[in-house]
Amino acid sequence: MLSLTILLAVIVVSLSLYSLNKDPCHLPSGRLPGTIIPGHYDIWINPDLNTLNFSGKVDISIEVLNSTSCIILHSLNQNITHVKVKNEAGDILPSKEHITDSENEFLKIPLKEKLQKGKISLLVHYNGVITEGLKGFYRSYYTTKTNETRS
């Protein structure tokens with residue numbers, strides 16, 4: 001009876017761990033994997049200082065160093081609205097729904113097919129809130145020579 005209880009406990013723990021890791025881009029170390037390297041960023045940001053919101057997009061030129069089925073990059077306090085991956089010829093590469101990992105500050109883009117060594121581009125559209133803290137896109141203040149505070 002004890003061996004049946006132990007076997008059931010092992011099965012329950014294994015299933016629990018499996019259900020916790022439904023992320024196809026799981027990083028056990030919590031660090032970027034190093035399979036891709038960004039080479040160039042074209043960044044557009046449209047801040048609205050009246051509402052403290054912003055929108056923007058970034059087009060990233062990337063070199064794929066090792067075959068991978070997931071693009072992972074840092075992202076914080078952004079609502080990702082659109083993601084497009086293209087190969088060097090400009091063909092759109094199909095991707096699955098992107099994953100925002102707020103705890104680790106990652107944007108994960110699982111692909112339907114593995115990327116091979118070479119060059120790709122990644123276009124990401126986003127929006128968010130300009131924060132008062134010192135993380136992400138934040139509002140800062142300064143004092144003029146006449147002691148007037150501005151942002």
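Strand β4 (residues 79–87) and β5 pair in the antiparallel sense, joined over 2 bridges. Strands here are DSSP runs of E with at least two residues, helices are runs of H or I with at least four, and both are numbered from the N terminus. Two strands count as paired if DSSP finds at least two bridges between them. If you look for a bridge partner of Val85, you'll find Leu93 in β5.

Before going on, keep in mind that this is a predicted model: local features need pLDDT of at least 70, side-chain atom pairs count only at pLDDT 80 or more, and totals for chains, interfaces and linings use all residues. Residues are numbered from 1 along each chain as its sequence is written, and side-chain values use heavy atoms, with hydrogens and water left out.

**The two sheets**

Strands of a sheet pair through backbone hydrogen bonds, either parallel or antiparallel. The β4–β5 pair belongs to an open sheet of 5 strands, ordered β1-β2-β8-β4-β5 with antiparallel pairing. Its edge strands, β1 (36–48) and β5 (92–93), each pair on one side only.

There is also an open sheet of 3 strands, in the order β3-β7-β6, again with antiparallel pairing. Why is one side of β3 (68–74) and of β6 (99–101) left without a neighbour in the sheet? Both strands stand at the edges with a single partner strand each, so one side of each has no neighbour there. Between one strand and the next, the twist averages 30°; angles run from 0 to 180 degrees between N-to-C directions, using axes that are lines fitted to C-alpha atoms (for helices, over the stretch in contact).

| Pair | Bridges | Facing residues |
|---|---|---|
| β4 and β5 | 2 bridges | Val85 and Leu93 |
| β6 and β7 (residues 106–115) | 3 bridges | Ile99 and Lys108 |

**The whole protein**

Of its 151 residues, 24% are buried (buried is under 20% relative accessible area, exposed over 50%, partly exposed in between, with a 1.4 Å probe and protein chains only). Take contacts (heavy atoms within 4.5 Å) between residues at least 6 apart in sequence: 67% of them join residues at least 24 apart.

Where is Phe137? Phe137 sits in the loop between β8 (118–129) and β9 (142–143). This residue is partly exposed, because its relative accessible area is 30%.
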